[in-house]
Amino acid sequence: MCGIVGYAGYRDSQPILLESLKRLEYRGYDSCGVAISVNSALETAPTIEVHKDVGRVVDMEKNLPCVHGRVGMGHTRWATHGEVSPANAHPHLDCSGRIAVVHNGVIENFQSLRDELSREGHHFSSETDTEVIAHLIENYYSGDLERAVARALAELVGTYAVIVMVAGHEELVVARRESPLIIGVGDKENFVASDVAAVLDYTGSVVYLEDGDIAVVSGESITITNNGDRVQRERQVIPWSVEEAQKGGYEHFMLKEIHEQPKAIENTLKGHISLIEPLIALDVVKDEGLEDVLIVACGTSWHAALIGEYVIGKLCHLPVRVKVASEFNHYDMAMDKTWVWGISQSGETLDTLQAIKKARALGCPTLAITNVPGSSITRIAEQVFYTRSGPEIGVAATKTFMTQLVALYLLAMSFASLDMMVYEGLIEGLRLLPSKVQQVLDEVGKIAQHARELSPYANVFFIGRGLNYPVAMEGALKLKEISYIHAEAYPAGELKHGPFALLGRTTPVVAITTKDDTYEPMLTSIKEIKARGPQVIALAEEGDEDIEQFVDAVIRLPQVDPLFSPFLNSVALQLLAYYTAKERGCPIDLPANLAKSVTVP
Ligand code: AGP
């Protein structure tokens, strides 16, 4: 979604703003802009120079005059109110052109505010909700920007992360409510951004703002107030390096992140299972008296939750419910003794944050599973389990999904009462995962070949059973989001209840055939499918010679305990989606209309 950046310090802000905006491109956007407070000559009034356009930051940069100024802001917009146009791109100015604003979030009462401001004589140049903020601040501004911003924000209903500046002033006023905002702390310079990726090039230390915070940021100082009171926010070290947020020689971030999975799994396991003793040491504590678990999440994180549902059910015999976070608002079941877990790699997905808030309001204990330190979900949930994937830049989640699975398996194992032999076997299974995943990655060439065969089709079905049905869902999601091929996942046994009507020579089927109790029924489903004409590509383990006779192609995977098969099947399906999208020439890291973290309802 939208990304915002700001700079106040001793250097020219323009190149810093542009580089920071490029670091936020992964969030997804359709237009961009920068505003710089220009150091005017003494005899002329200070001004704000704004440049904005539709399209990529690099394209805007080509037509950008060199503007000098030590304070500025920038924005990448993902349209919500109004079409994609230069006028609707941020920053937005007030009538005088002396106050500039960039904003992430949604102002719900913007229409009534705009009507009121128009009656007062304000002229609007865009269709956005954001522009009302600039005009409201203009109404209240008489020399004290912080005060004017506070008064204007008090009138807003909705969510925001904003940066505001006034021409000629050496400071930015920034604020947040339910939209992420951080301050990167430098030496005689400070940086503001929607997430740490934007500031990694300049500093390793950040302050995470809390809801309701208003901060005045200059090169020399940062002062924060909340509800009028001065507050201190801890300065924290960013646990990610610049290199981790770069492509490192890979053609796409997604491919790099797929290949980082053995390391990401190892890092997430580290500290939780000892390499010598079969121990799991988690910081997560289960309250006495809790009788079931409800997991809320969106997209890929929801698929991880569905796999978790099987694993927790199997190992702990604990009832688990899984809800798409945006549906949780419409959910009205008894939750007296329910532990609510929210899974979100970004920790900023609004639907998931709102679901966790609702759970807390209902009095349920809450646990967040996230990859981003300091993200909003870590402030809302009572307990946090951090996955350790490092930054994920590609819009398609890959390594964060893998480590969410690690987290769920660890949680399930830690709450289960298992026979020691079974327990040790599972620990061994976890330990072997990085090398098994690496073996799948080593077969990348063969999977790419299958992807080339899949690439001309317009529709693909993915089928699985049991634990691997959600894996099929994840495979279909990966394929549709980056290759734009329509892909649907079905529990294999369900195809004959309707989707069979669509099967034919032009609808290939990817079938996950794991050697567990789902294997025989899966073969039955495959035979029924083959009788109707589709090509079938099977994911099958090494040594399964029978499968060849029933399908058209086989992607071979190393043997593992079937409980761990989702890890290997998912990697193969990620590679299948990646190489299909590459064959079709799609913009893999920045798929159309998608955003990395979805911070709007
Ligand atoms: C994954 O490939 C998607 N881009 C998307 O479904 C994503 O998983 C979803 O938006 C949830 O994000 P989160 O994990 O950051 O909450």
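Predicted model: local features only at pLDDT ≥ 70, side-chain atom pairs only at ≥ 80, totals over all residues.

**Ligand surroundings and helix packing**

The backbone of Val 395 has a polar atom 3.0 Å from a nitrogen atom of the ligand.

**Ligand**
- Around the ligand there are 15 residues, of which Ser 301, Ser 344, Ser 346, Thr 349 and Glu 481 come nearest.
- The side chain of Ser 301 has an N or O atom 2.6 Å from an oxygen atom of the ligand.
- For Lys 478, an N or O atom of the side chain is 3.0 Å from an oxygen atom of the ligand.

**Helices α7 and α12**
- Helix α7 spans residues 261-269 and helix α12 spans residues 399-415; their axes are 9 Å apart, at an angle of about 30°.
- Angles under 35 degrees count as roughly parallel, so α7 is roughly parallel to α12.
- In α7, the residues Gln 261, Ala 264, Ile 265, Thr 268 and Leu 269 meet Lys 399, Met 402, Thr 403, Val 406 and Leu 410 of α12.
- The contact of α7 with α12 consists of six nonpolar, three polar and one charged residues.

**Helices α14 and α17**
- Helix α14 (residues 444-454) packs on helix α17 (residues 565-583) at about 55°, and their axes are 8 Å apart.
- The helices α14 and α17 are therefore oblique to each other, and their crossing is right-handed.
- Residues of α14 that meet α17 include Val 444, Ile 447 and Leu 454, while those on the α17 side include Leu 575, Tyr 579 and Glu 583.
- By class, the contact of α14 with α17 has nine nonpolar, two polar and two charged residues.

Terms used:
Residues numbered from 1 in each chain as written. Heavy atoms only, no water. Axes fitted to C-alpha atoms, helices over the stretch in contact; angles between N-to-C directions. Helix = DSSP H or I, 4+ residues; strand = E, 2+ residues; numbered from the N terminus. Parallel < 35°, antiparallel > 145°, perpendicular 65-115°, else oblique. Left-handed = near helix turned anticlockwise from the far one by under 90°. Contact = heavy atoms within 4.5 Å. Nonpolar A, V, L, I, M, F, W, Y, C, P; charged D, E, K, R; others polar. Near = heavy atom within 4 Å. Polar contact = N/O pair within 3.5 Å; in protein donor to acceptor, adjacent residues only side chain to side chain.
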